[in-house]
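Hi everyone, thanks for coming. I'd like to walk you through one model this morning, so please have a look at it while I talk.

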Amino acid sequence: MKAPRSGRVHRFRSSRRIPAALTALVVLGVAGLFLYDLAAVRADRPGMSWRRELADRLATHTPADLGVQLIAGAAALAGAVLLLLAFAPGLRGILPMLPPDEPDGPVAGARVRAGLGRKDAAQILRDRAMEVSGVRSVRVKVRRSHVGVRATSHFRDLDDVRADLDAVLAVGIEELGLAHPPQPRVRVRR
């Protein structure tokens, strides 16, 4: 197995982080302005006419009202979802691959990133597993830390098939060139 290279390879991030963060900040700012104006009107300071009207309506509907609680809960939930989307990686279906070895390539010092889709990696490993003698069918699921393999054997001893599958999958996972190679979990049945 190859030794890990220096330098950390990060997961791919979705481009939705910036728009989601900006939207959350705008909603937070508007809510803050409404709260400030509501406090100013309650302190007998002048506010804009439509804001005064809104303050009068809010004075009749207290936070104990069910409608106010439902709207506040929906707004808080929308804000939490937007913040979650802003900070979540997003592109979890792409597994990062190791960077190339050649530092003196055509573009020296360029940062090249490559990724492999989980479904594509599963298909490659499935094809490899189907080449093992005695395997009739295989289901492969590639996750972040492990590869789940369920094979059905029809004429060989299950322990022999499992040993062959372990060897083939170890080579297949190494050849994928993933930055964080997942560990295979193999199950064989009749």
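**A walk from the first helix to the salt bridges**

Let's begin with helix α1, which covers residues 17-42. Its 26 residues reach 37 Å from the first C-alpha to the last, close to the 38 Å expected at 1.5 Å a residue. Please keep in mind that this is a predicted model. Which residues of α1 are buried? They are A20, A24, D37, A40 and V41. After the helix comes D44, and its phi is positive, near 60 degrees.

Now let me step back to the whole chain. There are five helices and five strands, and from the N terminus on they run α-α-α-β-β-α-β-β-α-β. Of the 190 residues, 24% count as buried.

V26, V30, F34, L54 and L58 make a nonpolar patch of about 390 Å². Which helices each supply at least two of its residues? Those are α1 and α2, the latter being residues 49-60. The most comes from α1, with three residues. One member to click on is F34, which sits in helix α1.

Next, a residue in a loop. R156 lies between β4, residues 146-153, and α5, residues 158-176. Is R156 buried or exposed? It is buried, because its relative accessible area is 18%, and the cut-off for buried is under 20%. So what does this arginine meet? Leaving aside neighbours within four places in sequence, R156 is in contact with V132, S133, G134, V161, D164 and R190. With D164 there is also a polar contact, side chain to side chain, at 2.7 Å.

Let me finish with the charged pairs. The structure holds four salt bridges, and I'll show you some of them. R128 and E175 meet through their side chains at 2.2 Å, N to O. R128 lies in helix α4, residues 118-130, and E175 in helix α5, so this pair ties together parts that are 47 residues apart in sequence. On accessibility, R128 counts as partly exposed at 25%, whereas E175 is exposed at 53%.

Another bridge joins R162 and D159, whose closest N and O atoms are 3.2 Å apart. Both residues are in helix α5, three residues apart, or about one turn of the helix. Why does that spacing work as a pairing? An α-helix has 3.6 residues a turn, so residues three or four places apart point the same way. R162 is partly exposed, with a relative accessible area of 28%.

One more pair is D127 with R126, where the side chains meet in a salt bridge at 3.7 Å, N to O. D127 is partly exposed at 37%, and R126 is likewise partly exposed, at 30%.

Definitions and conventions
Residues numbered from 1 in each chain as written. Predicted model: local features only at pLDDT ≥ 70, side-chain atom pairs only at ≥ 80, totals over all residues. Heavy atoms only, no water. Helix = DSSP H or I, 4+ residues; strand = E, 2+ residues; numbered from the N terminus. Expected span 1.5 Å × (residues − 1). Buried < 20%, exposed > 50% of the residue type's maximum accessible area, 1.4 Å probe, protein only. Polar contact = N/O pair within 3.5 Å; in protein donor to acceptor, adjacent residues only side chain to side chain. Contact = heavy atoms within 4.5 Å. Patch = residues over 30% accessible without salt bridge, like charges linked within 9 Å, V, L, I, M, F, W, Y side chains within 5 Å. Areas by Shrake-Rupley, 256 points an atom, 1.4 Å probe, with all protein chains shown as cover.
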